[in-house]
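Thanks for coming, everyone. Please look at the screen, and I will walk you through it.

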Amino acid sequence: MFLQALRFRTWFAVVTVAAHVSLWPGRAAEGVWKKHSVHEGAQSLTAIAADFTKDGIPDIIANSGEKTRLFVGPDWKEVVIDATKGHDFIHSETMDVDSDGDQDFIGARYQPGLIIWLEQPEKPLTDPWPLRIVSQELNGIHGLLTGDVDQDGRIDLIANSAQPVNTRFPESLVWLPAPRDARSARNWQAHVFADKDAPGLTHYLGFGDVNGDGRPDMATGAKGDPSPAGNYFAWWEAPRDPTKPFKKHVIAEKQMGATNIQPGDVNGDDKADFIASRGHGKGVIWFEAPGWREHAIHATLKEPHSLIVLDMDGDGDLDAATCAYGDKEAWWFENDGKGKFTNHLVARNQEAYDIRAFDMDRDGDLDLVIAGRASNNVAWYENPRK
């Protein structure tokens, strides 16, 4: 029901979208996607789309200025749903935490580490959104992700705990099943799948079956700087019991500024490859299974801090999109199904931190929602269907 659920979870989803004017890697396009301004004037690190008002029209929730704001589509009326001091969230997710059929908001603060969820009320525009604690036990929370880790049919929350201090879980990665009594629970139980073996300031998370054993595995990138232990991409192999630590496999080292990595069959050989970005460095790349040979997608793009991997044009293969804060450009990367990419410029003068794909205008294709850090904005860019 919610296209946002496609984000990062599987590498075989197919979504109907239109193709765009092609351009070769690194070239500038003559035209870009139409920009729709949602919010201006405050730094935004995360924004996420869903129908949060039960009217069938996509809305956006973003965090800026220590306020979590609901922007009601299609006119983007602003409703502040949380103004708690210190709630400057670096990343967010949406899921039906309390199993009542609607989408709730999950926000994460980097440090001191905090994850909260805001329950969507019966009347989202006028009723308060109850705030509850998911966890105060992690620190250095930069990435959130959702997926069914233990394959029990219920969506779980996945998070990192990148800092080595002030946490029960230093330099680790965890998953937290939503408790049955989510409205009364505090500090969801954390299962550590990367137990102190994810150093170097990990960022965003990947989820999918890498080795074909039917169990979902995890992945991340660690940027390094100031930690000398970072600058790598790795994946963690799920055991039969997902509450036990996973086995770490390094994909690539000396990846300066590594941040984002997602598994998926890029070249159509039925093996899980990885698409990745160096969000505190340079370049969007993919690693070919089984030996993780590196291929450039956009080698020169500066600081592509956000990444989504999914079928953008509905042709059955995996594409990707990013927004780079160094170059202040958003791009999507069209896969020919064999791992050769054509790069399309989406936006100029748009700074990055977060990017999501969602059908904002309900025309059957995927648009892009971007939270701009130094751009001090939230905007969505309209997919130019032919």
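Which residue in β4 does isoleucine 61 stand opposite? Isoleucine 61 faces leucine 70 there.

Before I go on, two notes on the source. This is a predicted model, where local features need pLDDT of at least 70 and side-chain atom pairs count only at pLDDT 80 or more, while totals for chains, interfaces and linings use all residues. Residues are numbered from 1 along each chain as its sequence is written, and side-chain values use heavy atoms, with hydrogens and water left out.

Now the overall picture. The protein chain has 0 helices and 28 strands. Helices (H or I, at least four residues) and strands (E, at least two) are DSSP runs, numbered from the N terminus. The C-alpha trace spans about 50 × 45 × 40 Å along its principal axes.

How much is buried? Of the 386 residues, 63% are buried. Buried means under 20% relative accessible area, exposed over 50%, and partly exposed in between (1.4 Å probe, protein chains only).

Back to strand β3, residues 59–64. Here 6 of the 6 residues are buried, so β3 is largely enclosed by the rest of the structure. In a regular strand the side chains alternate between the two faces of the sheet. In β3, both faces are covered. Asp59, Ile61 and Asn63 are buried on one side, and Ile60, Ala62 and Ser64 are buried on the other.

What are its partners? Two strands pair if DSSP finds at least two bridges between them. Strand β2, residues 44–50, runs antiparallel to β3, with 6 bridges. Serine 44 has serine 64 as its bridge partner in β3. Strand β4, residues 67–72, is also antiparallel to β3, with 5 bridges. The hairpin of β3 and β4 has 2 residues between the strands, and glycine 65 takes a positive phi near 60° there.

Next, strand β9, residues 131–135. It is mostly covered, with 4 of its 5 residues buried. Strand β8, residues 114–118, joins β9 through 4 bridges, and the two run antiparallel. Leucine 118 stands opposite leucine 131 in β9.

Now some backbone details in the loops. Most residues other than glycine have a negative phi, and most peptide bonds are trans. Glutamine 111 to proline 112 is a cis peptide bond, with omega near -5°. Proline 112 lies in the loop between β7 and β8. Aspartate 225 to proline 226 is cis too, with omega near 15°. Aspartate 225 itself has a positive phi, near 45°. It sits in the loop between β15 and β16, and it is exposed, at 60% relative accessible area. Lysine 254 has a positive phi as well, near 55°. Its loop runs between β17 and β18. Lysine 254 is exposed, at 78% relative accessibility.

Leaving aside neighbours within four places in sequence, glutamate 294 is in contact (heavy atoms within 4.5 Å) with Gln255, Arg278, Ile285, Trp286 and Phe287. That is my tour.
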